[in-house]
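Student: Could you walk me through this structure? I would like to go slowly and ask questions along the way.

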Amino acid sequence: MAASWHVDPQTVLGWIAVMVLMTAQGLAMGLLLLNAPAAIVICLAGTALWSFVAQLCRAGETPAAWLDLNTTTGPLMGGAWTWEAAARLATSVLAWIVVPGGLGVLRVVRRDVS
């Protein structure tokens, strides 16, 4: 069986978009907390937490499907893009990047100069 080196450009762009979103999540948490180690722990532990919430009970599956950034970026990498997937991604980006990033910028701007 011969190896195939063909890579779909849409898949590559999806992977790049996911890496940019994950980096933006780390930046937003870092701005919000003003503590790099805590931001790293929250970003890494978020995956385990949402998996636990989804497995815990049936009621946890719906919030995890909409708020887990790792789950909502799946269609970007797999090429299964739908309007519902876009809405889920927009919701998780709003919750984990836009809101913490905005609050973090406000926190940095209002910080006393030492």
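Student: Is Thr 72 buried or exposed?
Tutor: Thr 72 is buried, because its relative accessible area is 3%, and the cut-off for buried is under 20%. Keep in mind as we go that this is a predicted model.

Student: Okay, and which helix is Thr 72 found in?
Tutor: Thr 72 belongs to helix H4, which covers residues 69-72.

Student: What does the side chain of Thr 72 reach?
Tutor: The side chain of Thr 72 reaches the backbone oxygen of Leu 69, at 3.3 Å.

Student: And which residues does Thr 72 touch, not counting those up to four places away in sequence?
Tutor: With those set aside, Thr 72 touches Ala 65, Trp 66, Arg 88, Leu 89 and Ser 92.

Student: Which residues of H1 are buried, and what covers them?
Tutor: The buried residues of H1 are Gly 14, Val 18, Leu 21, Gln 25, Ala 28 and Met 29. What covers them includes helix H2 (36-56), H4, helix H5 (74-78) and helix H6 (83-109).

Student: What comes after H1?
Tutor: H1 is followed by Leu 34, which has a positive phi, near 50°.

Student: Which residues make up the largest nonpolar core?
Tutor: That core has seven residues, namely Val 18, Leu 21, Leu 69, Leu 76, Leu 89, Val 93 and Ile 97. H1 and H6 each supply at least two residues of this core, and H6 gives the most, with three residues. In soluble globular proteins, nonpolar side chains tend to be buried together.

Student: So what is Leu 21 in contact with, leaving aside neighbours within four places in sequence?
Tutor: Leaving those aside, Leu 21 is in contact with Leu 69, Thr 73, Leu 76, Leu 89, Val 93 and Ile 97.

Student: Last one, where does Trp 50 lie, and is it buried or exposed?
Tutor: Trp 50 lies in helix H2, and Trp 50 counts as buried because its relative accessible area is 13%. Not counting residues up to four places away in sequence, Trp 50 touches Pro 63, Ala 64, Leu 67, Asp 68 and Trp 96.

Student: How far apart are Trp 50 and Met 29?
Tutor: Trp 50 and Met 29 are 21 residues apart in sequence, and 17 Å apart in space from C-alpha to C-alpha.

Notes:
Residues numbered from 1 in each chain as written. Predicted model: local features only at pLDDT ≥ 70, side-chain atom pairs only at ≥ 80, totals over all residues. Heavy atoms only, no water. Helix = DSSP H or I, 4+ residues; strand = E, 2+ residues; numbered from the N terminus. Buried < 20%, exposed > 50% of the residue type's maximum accessible area, 1.4 Å probe, protein only. Polar contact = N/O pair within 3.5 Å; in protein donor to acceptor, adjacent residues only side chain to side chain. Contact = heavy atoms within 4.5 Å. Core = buried A, V, L, I, M, F, W, Y, C linked by side-chain atoms within 4.5 Å.
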